[in-house]
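Reader: Could you take me through the aromatic pairs in this one? I'd like a close look at just that part, please.

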Amino acid sequence: MAYNVVVSYSTKNLHVAQWIRDTLHQPGHVEVFVAEYSVQPSQPLNEEILRAIRGCDLFVLLWSSDARSSDYVPQEIGIATGCNKTILPVVMEAGVPVPGFISHLKYLPAHLNWDGSFVWLANFIRENAGKLAQAKLLGGLATAIFGGIMMFAQQEEEEEGDDEDADEDEDDDE
């Protein structure tokens, strides 16, 4: 299962969202949802955005004055907050404070070091995707080991039951 990233953005900042998608998307390893590209014509936009946010591992907020005045972005923040998603605000302009319910989060100040911030973001996502893959691998291994132990225990119980039945048959013969 892939590490799922949702990018929330103003359409005026679509070029940045597209760069994130193009740079980080690795099929099966890192999936990046950018509504402009991830929702096909004729699909219900709101439902697809909701589904993506509910299923994401990381919600990346491209925060700017345009995002603040967007119809969608503040609502997407609310949904991500309500779903207890990990939110990473990327502040793209000086003087645009992060909104209320996520103002306590440490944000990535991209406006201070554009290239360095996006290199950090790419590394952060790749690192978390690797951790998720490793955790799932270990979880699968643990499940297999536990299943093997349970099968062994069940087999032992069945063999003990067979031994008791044999002992009872011998007692009946006497």
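Author: There are 3 aromatic pairs in the structure, where a pair means that rings of Phe, Tyr or Trp (its six-membered ring) have centres within 6.5 Å. Bear in mind that this is a predicted model, with local features needing pLDDT of at least 70, side-chain atom pairs counting only at pLDDT 80 or more, and totals for chains, interfaces and linings using all residues. Numbering starts from 1 along each chain as its sequence is written, and side-chain values use heavy atoms, leaving out hydrogens and water.

Take Trp114 and Phe118: their ring centres sit 4.9 Å apart with the planes at 55 degrees, so this pair is tilted. The labels go by plane angle: under 30 degrees is stacked, over 60 is edge-to-face, and the rest is tilted. Trp114 and Phe118 are 4 residues apart in helix 6 (residues 114-173), which puts about one helical turn between them; a helix here is a DSSP run of H or I with at least four residues, numbered from the N terminus. Phe118 is buried at 4% relative accessibility, while Trp114 is partly exposed at 38%. For those words, buried is under 20% relative accessible area, exposed is over 50%, and partly exposed is in between (1.4 Å probe, protein chains only). Ring pairs also bring in Trp19, making a cluster of Trp19, Trp114 and Phe118.

Then there's Trp120 with Phe124, a stacked pair with 4.9 Å centre to centre and 15 degrees between the planes. Both lie in helix 6, 4 residues apart, or about one turn of the helix. Trp120 is partly exposed, at 40% relative accessible area, and Phe124 is partly exposed too, at 26%.

Note on methods. Helix = DSSP H or I, 4+ residues; strand = E, 2+ residues; numbered from the N terminus.
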